[in-house]
Amino acid sequence: CALFAIPLQVDGLFIIGWMYLPPHDPHVDDPMRFKPLFRIHLMERKCATVECMYGHKGPHNGHIQIVKKDEFSTKCNQTDHHRMSGGRQEEFRTWLREEWGRTLEDIFHEHMQELILMKFIYTSQYDNCLTYRRIYLPPSSPDDLIKPGLFKGTYGSHGLEIVMLSFHGKKAKGTKITGDPNIPAGQQTVEIDLAHPLQLPDIENLHDFSELSRIVLEVQEQIRREEQEHQQEEEDGCQPAASQPAARPLGGEGAEGEETAAGAEGTPQDKAPASQPFVLPMGVISRNEDYPRTCRICFYGTGLIAGHGFTSPERTPGVFVLFDDDRFGFIWLELKSFSLYSRIKVSFQNAEAPSREAFDEMLKNIQSLAT
């Protein structure tokens, strides 16, 4: 769906739930967009009213209900406030202008038109009853490659989506917070193998997609052999050696014997290398051509692709590209596509956000008061 979180603010006698949306495609570096979705009016004499803020006709009657721990739902009691005089066609064109920053005439690609229409139909059918679940941000460690957190990312004709980056030892994972008709929210969109850094070819050879493909597939084969050897050791009852040599980057001239970010201890986060020139290979499609032209380091990774309705999902090889502390990219080898991700930086002004415990207790009290 389009929204990924509902940050709540206590402002005077109101509790306001804001809908946070990514910027217009493909501008990942732009700030998040937000608008009020519901409002709880804390009135005198221990009573409260819930108002739905969805639509274009102002606040109207709503309802709130606790579902379970870290989950609640809101329901609109006056859905006619969501409708427009021009019918669904006017609603679609307004939604397209607000959510995508363009008109239908601006979109020439027929497949993209179909995807956008599917997204509109999907999101609009849930405008009267919405369920919210708390997002727990991943813990941060000094050994992490960069600070984990939420990132905006380009997903081709699907537009911008929200991904949560987290670190798990020698793996990093990007989990979708918002989804699309192919890959729904909650799925692991990319996985990065921090034990297998990549040495990119020089900038002239990097233009050649077949050269990058060769490097990535070599690493994929190496990983396959390592997994087979590990499986064989377990079947034979052998214990792996206590000390393993650090992973070496594959591909590119002069890669053999060079010290890389894997370091002597084998952890990719030990020391960041100097920036190196970066350019997308010919034939790789990017929604955002304004990507950084230098990068810190690259790793082998896999990306999840599927058909409509999450049919026939499979993990395919790719390249994770770290640009700086707030931006990274992923080259989808099979799709010949590039996704650019930018960190979400959100701060509240002139409002005090309640603690988790205080908010949970507040919701229970409000539900009893409003019913």
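**Close-up views**

With a relative accessibility of 29%, E221 counts as partly exposed (buried means under 20% relative accessible area, exposed over 50%, and partly exposed in between, with a 1.4 Å probe and protein chains only). This is a predicted model, in which local features need pLDDT of at least 70 and side-chain atom pairs count only at pLDDT 80 or more, while totals for chains, interfaces and linings use all residues. Residues are numbered from 1 along each chain as its sequence is written, and side-chain values use heavy atoms, leaving out hydrogens and water. E221 forms a salt bridge with R225, and their closest N and O atoms are 3.9 Å apart. A salt bridge here is a side-chain nitrogen of Lys or Arg within 4 Å of a carboxyl oxygen of Asp or Glu. Side chains of opposite charge can pair when their charged atoms come close. R225 and E221 are four residues apart in helix α4, so about one helical turn separates them. Helices (H or I, at least four residues) and strands (E, at least two) are DSSP runs, numbered from the N terminus. R225 is partly exposed too, at 40% relative accessibility.

I215 is found in helix α4. Its relative accessibility is 0%, so I215 counts as buried. P201 and I215 are 14 residues apart in sequence. In space, their C-alpha atoms are 8.8 Å apart.

**A negative surface patch.** The patch is formed by E226, E227, E229, E233, E234, E235 and D236. D236 lies in helix α4, which spans residues 209-236. Patches are made of residues with over 30% relative accessible area and no salt bridge; like charges are joined within 9 Å, and nonpolar side chains (Val, Leu, Ile, Met, Phe, Trp, Tyr) within 5 Å. Asp and Glu count as negative, Lys and Arg as positive; His and the chain ends are not counted. The place of a charge is NZ of Lys, CZ of Arg, CG of Asp or CD of Glu.

E161 and K176 form a salt bridge, with 2.8 Å between the closest N and O atoms. E161 lies in strand β9 (residues 160-168) and K176 in strand β10 (residues 171-176), so the pair ties together parts 15 residues apart in sequence. Both residues, E161 and K176, are buried.

**A salt-bridge network.** D29, D324 and R327 are linked in a network of salt bridges. Between R327 and D324, the closest N and O atoms are 2.9 Å apart. R327 is partly exposed, with 24% relative accessible area. D324, at 18% relative accessibility, counts as buried.

**A cis peptide bond in a loop.** The bond joins D25 and P26, and its omega is about 5 degrees. P26 lies in the loop between β2 (14-21) and β3 (33-43).

**Positive phi at two loop residues.** D70 is not a glycine, yet its phi is positive, near 65 degrees. D70 sits in the loop between β5 (60-68) and β6 (71-76). At 18% relative accessibility, D70 counts as buried. K336 is not a glycine either, and has a positive phi of about 50 degrees. K336 belongs to the loop between β17 (327-332) and β18 (337-343). At 36% relative accessibility, K336 counts as partly exposed.

**The whole protein, for orientation.** The protein has five helices and 18 strands. Of its 371 residues, 44% count as buried.

Methods
Accessible areas come from the Shrake-Rupley method with a 1.4 Å probe; for residues, only the protein chains shown count as cover.
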